[in-house]
Amino acid sequence: MPSLPLELVSEIIYEALEFSTSDTPGTRSKPRWELVSSLSVTCKSYRILVLKAWFCRLYTEDHDDTAQLTERILQVDKNWVKQIHCVQRVFRGPRSRSWNLQGYERLELVRLDWLDVSIPHQGSSFERSEYIPFINAPDKVATFDFRGLRWPYPNAYLFIQQCLPSIKHLVLYQQEVWCGLCFTPSEVEFAEPIPTRLLYEGGFGLPIHYATALKSLEQLEQVTIHIPAAGTGLTSVNETCNENMWIGECDACIKFLYTDCSFVDAYVARKRGGIFRLADGTEKQGLHPPRLKSVEWVFVPLTAHEYDLSSAWEEVSEGGDLDSNISLEGDISDVTLVS
Ligand SMILES: [Zn+2]
């Protein structure tokens, strides 16, 4: 029988696991199961404590993991899981399978690392996504963390309002951003010194096409975009000096178009009003999530960028037979089964 109070043992287990956040897409955000596996087989009461702590986060690269968790490890309760970190290494088109989140009633955060070079939605529809990564998500999920998307087209985000409609906070990590002037994704360039952050309030701050793609997220209050920025541009922006209200415009467009003061005035006025102009000159009223309060841009100087997505993409795209490169690594297969 255990001689220490179980509460103390539980604290020790959580301390030993030292959960941390891995910034690099496609890498585990948890320590190895081996760290606690020995303790898990000492007695039943310790095993439950270990499993409970271990499965407060679930890391998965296999779409079956979420549905089969309690079938494959009978002692586990889906209600222990508060965070799920999913990794989509290869995307096989709209008919790809989804992670089933049914029964995860205490789930608070979902993270998706998207490592395929394609995007979840290739079609022209701007209303519904062709692919839904998650089904049956509980309303309690408040935060969605989405990383790794190579081409951040606005319609690549349509799936969020379909499968996680109740989120309050959207966190995006991306390499490029959508420019509302040339309608293409571009890397961010500023003149030195690169700003560390820009904060907008009152529903403003997203590229208009992103805001429109997310417009049905009725509970969304906060968006945080982490993005690398190079100091090779002409645009000078910082938190106190941002008169043209930068929201993703590429440096090439700014260099080319901002020399015309009348254009800049009209464009900034349209931005403030949420209006975008199509190539044929037609103007359309954009929409944004109704409860959006703040949009924060967090810039990581490119030279100090701690993670390098290109290596993850190359690993996938240069593999030839992709199946042989898929690492079916996840928490369920790690856990030692005991009778
Ligand atoms: Zn542009």
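User: Which residue stands opposite L58 in strand 2?

Analyst: Quick note before we start: this is a predicted model, where local features need pLDDT of at least 70, side-chain atom pairs count only at pLDDT 80 or more, and totals for chains, interfaces and linings use all residues. Residues are numbered from 1 along each chain as its sequence is written. Helices (H or I, at least four residues) and strands (E, at least two) are DSSP runs, numbered from the N terminus. In strand 2, the residue opposite L58 is I84.

User: How many bridges join strand 1 to strand 2?

Analyst: Two strands pair if DSSP finds at least two bridges between them. Strand 1 (residues 57–60) and strand 2 run parallel. The number of bridges joining them is 4.

User: Which residue of strand 4 is the bridge partner of I84?

Analyst: Strand 2 also pairs with strand 4 (residues 109–114), in the parallel sense and over 6 bridges. Within strand 4, the partner of I84 is V110.

User: How many residues of strand 2 are buried?

Analyst: A residue is buried if 20 or more other C-beta atoms lie within 10 Å of its own, exposed if 12 or fewer, and partly exposed in between, with C-beta atoms placed from the backbone. On one side of strand 2, Q83, H85 and V87 are buried, and so are I84, C86 and Q88 on the other. Strand 2 (residues 83–88) is therefore largely enclosed by the rest of the structure, and its buried count is 6 of the 6.

User: Is G93 buried or exposed?

Analyst: G93 sits in the loop between strand 2 and strand 3 (99–100). Because it has 10 other C-beta atoms within 10 Å, G93 is exposed.

User: Which residues touch the most other members of the largest nonpolar core?

Analyst: A nonpolar core is a set of buried Ala, Val, Leu, Ile, Met, Phe, Trp, Tyr and Cys residues joined through C-beta atoms within 7 Å. The largest one here has 69 residues, and the ones that touch the most other members are V110, F134, I160, L164 and L214.

User: What is omega for the cis peptide bond between E192 and P193?

Analyst: Most residues other than glycine have a negative phi, and most peptide bonds are trans. P193 lies in the loop between strand 10 (188–189) and strand 11 (197–201). A cis bond joins E192 to P193, with omega about -5°.

User: What phi does F183 take?

Analyst: F183 is in the loop between strand 8 (177–178) and strand 9 (185–186). It is partly exposed, because 15 other C-beta atoms lie within 10 Å. Although F183 is not a glycine, its phi is positive, at about 60°.

User: How far apart are the end C-alpha atoms of helix 8?

Analyst: The expected span of a helix is 1.5 Å times one less than its number of residues. Helix 8 (residues 261–272) has 12 residues, so it should span 16 Å. The distance between its end C-alpha atoms agrees with that: 17 Å.
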